[in-house]
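Reader: Before we go through this model, could you set each label against the definition behind it, so that I can judge the wording for myself?

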Amino acid sequence: MRIDILTVVPELLRSPLDHSIIQRAKDNGVVEIHIHNIRDFSEDKHNKVDDYAFSGGAGMVMRLEPIVKAIESLTDQRKYDEIIFTTPDGEKYDQKSANTLSLKENIMILCGHYKGIDQRIRDHFISKEISVGDFVLTGGELAAAIIIDSVVRLLPGAMGDETSALTDSFQDNLLAPPLYTRPAEFRGWKVPEILLSGDHKKIEIWQEEQAYKRTKQLRPDLLDE
């Protein structure tokens with residue numbers, strides 16, 4: 001997979017994308033991630049990429065020209081399965097969204113900033129608009145990092161144990177069951193006996209029951225989907 005990110009603050013993305021599973025995935029050739037500074041495409045001598053909104057009011061809007069130049073410089077080189085815009089009014093992102101994106105080959109993510117972007121970009125270039133929650137961030141960079149992290153960990157070869165991601169919360173509309181490790185007893189707090197039994201079938205049934213119980217208690221809405 002190749003992921004291209006368009007941003008006005010590339011520094012916000014470098015640390016989240018240069019460590020842990022994502023870095024290993026890059027090192028192993030599982031994914032390519034390229035960060036592009038939209039300011040590099042500005043024709044303004046000060047590399048300005050924002051301007052006042054025609055509608056007036058507080059806040060600046062990302063200008064059309066540098067974003068269009070940045071997008072077209074990439075689409076001239078390859079075809080993109082999705083050109084994503086991170087925005088609070090986009091489609092709510094979830095595990096199903098991550099699963100779908102993990103099947104793509106080339107993805108471009110445009111990070112929103114300031115008050116937003118010129119609507120004409122959304123009308124003519126964006127194929128998917130994504131929100132990571134009903135709240136507003138300073139910019140779309142952190143949202144892009146969340147999307148990338150959730151997608152890359154699903155790619156074959158990204159994780160040491162490829163089945164690990166398949167047992168995460170939300171994969172089957174269930175939360176993950178509780179987890180325990182050594183020691184088996186600490187301050188009188190004991191690990192459930194079933195987990196020490198060595199009976200993998202019974203353990204699997206217990207995990208399924210616990211997953212359902214936790215989901216019903218904490219996120220009953222998932223059971224309605």
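**Labels and their cut-offs**

Reader: What makes R122 count as buried?

Author: Its relative accessible area is 16%, and buried is the word for values under 20%, with exposed kept for those over 50% and partly exposed for those in between (1.4 Å probe, protein chains only); R122 is therefore buried. The model is a predicted one, in which local features need pLDDT of at least 70 and side-chain atom pairs count only at pLDDT 80 or more, while totals for chains, interfaces and linings use all residues. Residues are numbered from 1 along each chain as its sequence is written, and side-chain values use heavy atoms, with hydrogens and water left out.

Reader: How do you know that R122 forms a salt bridge with D89, and where do the two residues lie?

Author: The term asks for a side-chain nitrogen of Lys or Arg within 4 Å of a carboxyl oxygen of Asp or Glu, and the closest N and O atoms of R122 and D89 are 3.0 Å apart, so the pair meets the definition. R122 sits in helix α5 (residues 119-124) and D89 in strand β5, which puts the partners 33 residues apart and makes this a link between distant parts of the chain. Helices (H or I, at least four residues) and strands (E, at least two) are DSSP runs, numbered from the N terminus. While R122 is buried, D89 has 51% relative accessibility and so counts as exposed.

Reader: How many salt bridges are there in the structure, and which residues are joined into one network by shared partners?

Author: The structure holds eleven salt bridges, and those that share partners join R2, D4 and E32 into one network. Between E32 and R2 the closest N and O atoms are 3.6 Å apart. Since E32 belongs to strand β2 and R2 to strand β1, this pair ties together parts that are 30 residues apart in sequence. R2, at 15% relative accessibility, counts as buried, whereas E32, at 44%, is partly exposed.

Reader: What labels do the partners of the salt bridge between E65 and R63 receive?

Author: Their side chains meet at 3.0 Å, N to O. E65 has a relative accessibility of 41% and counts as partly exposed, and R63, at 27%, is partly exposed as well.

Reader: What is the strand order of the open sheet, and why are β2 and β7 said to stand at its edges?

Author: The five strands follow the order β2-β1-β6-β5-β7, with parallel pairing, where two strands pair if DSSP finds at least two bridges between them. β2 (32-37) and β7 (128-131) each have a single partner strand, so one side of each is left without a neighbour in the sheet. From one strand to the next the twist averages 30 degrees. Six bridges join β1 (residues 2-7) to β2, and the two run parallel; within this pair, L6 stands opposite H36.

Reader: Which strands does helix α3 touch, and what is the direction of helix α6 relative to β6?

Author: Helix α3 (residues 64-75) packs on the sheet and touches β1, β2, β5 (82-92) and β6 (106-111), contact meaning heavy atoms within 4.5 Å. Its direction makes about 165 degrees with that of β1, where axes are lines fitted to C-alpha atoms, for helices over the stretch in contact, and angles run from 0 to 180 degrees between N-to-C directions. Helix α6 (residues 141-152) lies across β1, β2, β5, β6 and β7, running at about 160 degrees to β6.

Reader: Is V136 buried or exposed, and what is the label for D18?

Author: V136, in the loop between β7 and α6, has a relative accessible area of 68% and is therefore exposed. L137 is found in the loop between β7 and α6 too, and its 34% makes it partly exposed. D18, placed in the loop between α1 (11-14) and α2 (20-27), also has 34% and is partly exposed. Leaving aside residues up to four places away in sequence, D18 touches Q23 and K26.
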